[in-house]
Amino acid sequence: MAADRAGAPPRAWQRMLSGRRLDLLDPSPLDIEISDIAHGLARVARWNGQTSGEHAFSVAQHSLLVEALFGELVSDAPADARLAALLHDAPEYVIGDMISPFKSVMGGSYKECELRLQRAIHLRFSLPVEPGAGLLKEIKRADQIAAYFEATLLAGFSTAEATEFFGRPRGFNADRFDFTPRSVTWAQNAFLKRYAAIEKSRRQTVQPAD
């Protein structure tokens with residue numbers, strides 16, 4: 001990245017439409033807004049855009065799908081866990097959705113940046129900075145189920161290919177979930193609506209102080 005001016009270090013922050021300025025090297029929870037996350041994820045395409053349909057299948061839609069699948073896997077999951085599932089790919093509103101092969105090429109630097117952002121996002125929304133291994137495992141499982149169906153229904157993978165990379169889901173019918181690529185506006189609004197519903201549930205579970 002070119003320097004902003006002669007002798008200055010390279011710019012490592014991004015201006016958000018909310019007016020926030022998010023530093024990728026040292027992201028502050030105070031610079032993270034759900035409106036920016038929804039806006040960005042609705043405009044980031046899954047599978048590098050190599051999907052069928054009039055619109056790209058966005059990371060916002062993928063996040064909604066994963067949260068819905070997570071709810072099927074863990075029917076009694078608390079609202080905090082549901083929010084963690086919805087935000088599992090939230091760093092991509094800043095750094096985009098790199099396909100797995102390119103992540104492998106990039107190595108640790110990408111993962112370090114992603115982890116810094118994820119931790120800041122969790123702090124911003126009062127979630128554990130280091131979620132438990134059990135929760136991460138269930139979110140990952142939901143993520144892989146979503147990837148399998150996206151791969152076979154939208155991204156041109158054969159059943160055998162998708163099974164090799166993501167595993168074949170058991171007990172899930174794709175007809176119960178929405179895989180139709182939607183417009184940016186639809187995805188952004190749907191993401192914000194689901195976030196608001198989870199936040200309402202979180203507030204209702206907080207017990208008043210004695």
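Leucine 25 touches Ala12 and Arg116, if residues up to four places away in sequence are not counted. This is a predicted model, and in it leucine 25 sits in the loop that joins β2 (21-23) to α1. Is leucine 25 buried or exposed? Its relative accessible area is 58%, and because values over 50% count as exposed, leucine 25 is an exposed residue. Although leucine 25 and cysteine 113 are separated by 88 residues in sequence, their C-alpha atoms are 7.1 Å apart in space.

The buried residues are Ile34, Asp36, Ile37, Ala38, Gly40 and Leu41.

One partner of α1 (residues 34-41) is helix α9 (residues 184-205): the two axes come within 8 Å and cross at roughly 140°, and the crossing is right-handed. On the α1 side the contact is made by Ile34, Ser35, Ile37, Ala38, His39 and Leu41, while α9 contributes Gln188, Phe191, Leu192 and Tyr195. Seven of these residues are nonpolar, three are polar and none is charged. Phenylalanine 191 itself is in contact with Ile34, Ile37, Ala38 and Leu41, and also with Ala60, Ser63, Leu64, Leu86 and Leu87, leaving aside neighbours within four places in sequence.

In soluble globular proteins, nonpolar side chains tend to be buried together. Here the largest nonpolar core has 58 residues, among which Ile37, Leu87, Tyr93, Phe125 and Phe191 touch the most other members. At least two residues of this core come from each of α1, α2 (59-73), α3 (79-86), α4 (92-95), α6 (108-124), α7 and α9, and the largest share, eight residues, is supplied by α7.

Helix α7 (residues 133-153) also holds glutamate 150.

| Residue | Relative accessible area | State |
|---|---|---|
| Leucine 25 | 58% | exposed |
| Glutamate 150 | 0% | buried |

Glutamate 150 counts as buried because its relative accessible area is 0%, and buried means under 20%. Apart from residues up to four places away in sequence, glutamate 150 touches Arg46, Trp47, Phe57, His62, Leu65, Ala155 and Phe179.

Note on methods:
Residues numbered from 1 in each chain as written. Predicted model: local features only at pLDDT ≥ 70, side-chain atom pairs only at ≥ 80, totals over all residues. Heavy atoms only, no water. Axes fitted to C-alpha atoms, helices over the stretch in contact; angles between N-to-C directions. Helix = DSSP H or I, 4+ residues; strand = E, 2+ residues; numbered from the N terminus. Left-handed = near helix turned anticlockwise from the far one by under 90°. Contact = heavy atoms within 4.5 Å. Nonpolar A, V, L, I, M, F, W, Y, C, P; charged D, E, K, R; others polar. Buried < 20%, exposed > 50% of the residue type's maximum accessible area, 1.4 Å probe, protein only. Core = buried A, V, L, I, M, F, W, Y, C linked by side-chain atoms within 4.5 Å.
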